[in-house]
Amino acid sequence: MTTRLIAAAASHRGAVRLNNEDNLSFHGRFLPLNEMDAGARWDDAGTDAFRLYAVCDGMGGESAGEHAAACAAELLCEFEHSRISDPDAIARTLHRANKAIHALWAEHAGRRVGCTAVIAIADGPVVNLAHVGDSRAYRLRDGFLERMTVDHTEAARMERLGLMNGDEARQNRHGALTQHLGMSDDDVELSPDIAGPFPLGAGDTWLLCSDGLSDMLPESAIKQCLLDHPYPRAAADALIEQAIQHGGRDNVTVIVFAVPCKPGESPEKPDLESTLDTCPMPEGPSGMGMGHKPQFRLPRNMLLPACAIIILAAILAVALGVQSHDTSPRLAEPVPIAETKATEEATLPPTPEPTQLPFPKATLVASPEPSQSLHLNQPNRHDAQ
């Protein structure tokens, strides 16, 4: 069985950093080293039943994080050609990437080289996940956003042990990673988390992201952005834009893929009831398609009251029509229209005003050529212990 997927990817260096140490594997594509600073804006709406999507976040600071991220993304593209989603095969590939990245230490004067990775492998009607580090995977289903991965950080470990509460863990997210690609034999043994298979349900939206997004936006804002932009291209662009508008302190990379509501539905010609937003993003000067105004959609929690109001109004209208045409002397006099409207307004619950988050327009400029070393004075919280 083939499940139709529509996917979009975007990678940007952010508003502060001079270079981009994020990379991605997007159904056979990745960013070569000399193209990473320019970022990416890719789409995938094919019918291939097997697809691999991954976000790789290079560990910055004094290390060559972009080399590690590019190495991991390239190896994952090669792994996709095998068309295997077996957990053991995924684990072997990540261990292979770990060794290859650790070997880069010698090429960079013994400096630590590493990256995180979050991977989604869509294989027919299911998806398998794997991750190392604090890049995340989310699933939006029926209006509920669920985080599908657990951060490999010291703060998250302490939260699991009950030594920190959720708020304290979020405030200390900038602690050391407990797992990443590029670990040496002296470090803790690499132990990637592999989960699945998860069914790809109609209307589901999946998100893979680097911490450049999750550090800038709370999960409530990520959820609202996905709800307001059900079409993956619009969602990816809006998430990048919002991360930058909220500070953009780190590189930010996202991959959004969604399952159309009806089998075989095309994103170009959707059914009126489709949840896919097909309005194309207007191109900005940087080609990042900023400035999209989200379509209004009635919130799910308003659907039932709205239907009840419509049905009750229809019943009242029918009753009024019967009374106005019935000449039987046994029936009461018809209720005047003005009186009926007053009674109806007094008995019906008020219809809540629709709310819509403001989405300020922004233009993402192309990355300038850095005039200095990529790693000078650019601390990154991914520095490993």
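Q: How many helices and strands does the chain have, and how many of its residues count as buried?
A: The model is predicted. Its secondary structure comes to nine helices and eleven strands. The chain has 385 residues, and 48% of them count as buried.

Q: What is the order of the strands in the open sheet of six strands?
A: The order is 3-1-11-10-7-8, and the pairing is antiparallel. Strand 3 (40-44) and strand 8 (144-147) are the edge strands, each pairing on one side only. From one strand to the next, the twist averages 15 degrees.

Q: How many bridges join strand 1 to strand 11, and which residue is the partner of I6?
A: Strand 1 (residues 6-12) and strand 11 (residues 252-258) run antiparallel and are joined by seven bridges. The bridge partner of I6 is A258 in strand 11.

Q: Which strands does helix 7 lie across?
A: Helix 7 (residues 232-245) lies across strand 1, strand 3, strand 10 (205-209) and strand 11. Its direction is at about 25 degrees to strand 1.

Q: How do the side chains of a regular strand point?
A: In a regular strand they alternate between the two faces of the sheet. For the case here, look at strand 10: T205, L207 and C209 point one way, W206 and L208 point the other way, and all are buried. Strand 10 is thus a mostly covered strand, with five of its five residues buried.

Q: Is strand 7 mostly covered or mostly exposed?
A: Strand 7 (residues 136-141) is mostly covered, with five of its six residues buried.

Q: How is a pair of aromatic rings described?
A: By the distance of the centres and the angle of the planes. The count here comes to five aromatic pairs. In one of them, the rings of Y53 and F257 have centres 5.3 Å apart and planes at 35 degrees, so the pair is tilted. Y53 is in strand 4 (residues 50-58) and F257 in strand 11, and the pair links parts of the chain 204 residues apart. Both residues are buried.

Q: Which kind of pair do W206 and F257 form?
A: W206 and F257 form a stacked pair, 6.1 Å centre to centre with 5 degrees between the planes. W206 lies in strand 10 and F257 in strand 11, so this pair ties together parts that are 51 residues apart in sequence. The relative accessible area of W206 is 0%, and that of F257 is 0%.

Q: Which residues form the aromatic cluster?
A: One cluster is formed by F26, W42, Y53, F198, W206 and F257.

Q: How are two packed helices described?
A: By the angle between their axes and the distance between the axes. Here helix 1 (residues 65-80) packs with helix 2 (residues 87-102) at an angle of about 145 degrees, and the axes are 10 Å apart. Their crossing is right-handed. Residues making the contact include A68, C71, A72 and L75 of helix 1, and A89, I90, T93 and R96 of helix 2.

How values were computed. Residues are numbered from 1 along each chain as its sequence is written. This is a predicted model: local features need pLDDT of at least 70, side-chain atom pairs count only at pLDDT 80 or more; totals for chains, interfaces and linings use all residues. Side-chain values use heavy atoms; hydrogens and water are left out. Helices (H or I, at least four residues) and strands (E, at least two) are DSSP runs, numbered from the N terminus. Buried means under 20% relative accessible area, exposed over 50%, partly exposed in between (1.4 Å probe, protein chains only). Two strands pair if DSSP finds at least two bridges between them. Axes are lines fitted to C-alpha atoms, for helices over the stretch in contact, and angles run from 0 to 180 degrees between N-to-C directions. Contact means heavy atoms within 4.5 Å. Rings of Phe, Tyr and Trp (its six-membered ring) pair if their centres lie within 6.5 Å; planes under 30 degrees apart count as stacked, over 60 as edge-to-face and the rest as tilted. A crossing is left-handed if the near helix is turned anticlockwise from the far one by less than a right angle, and right-handed if clockwise.
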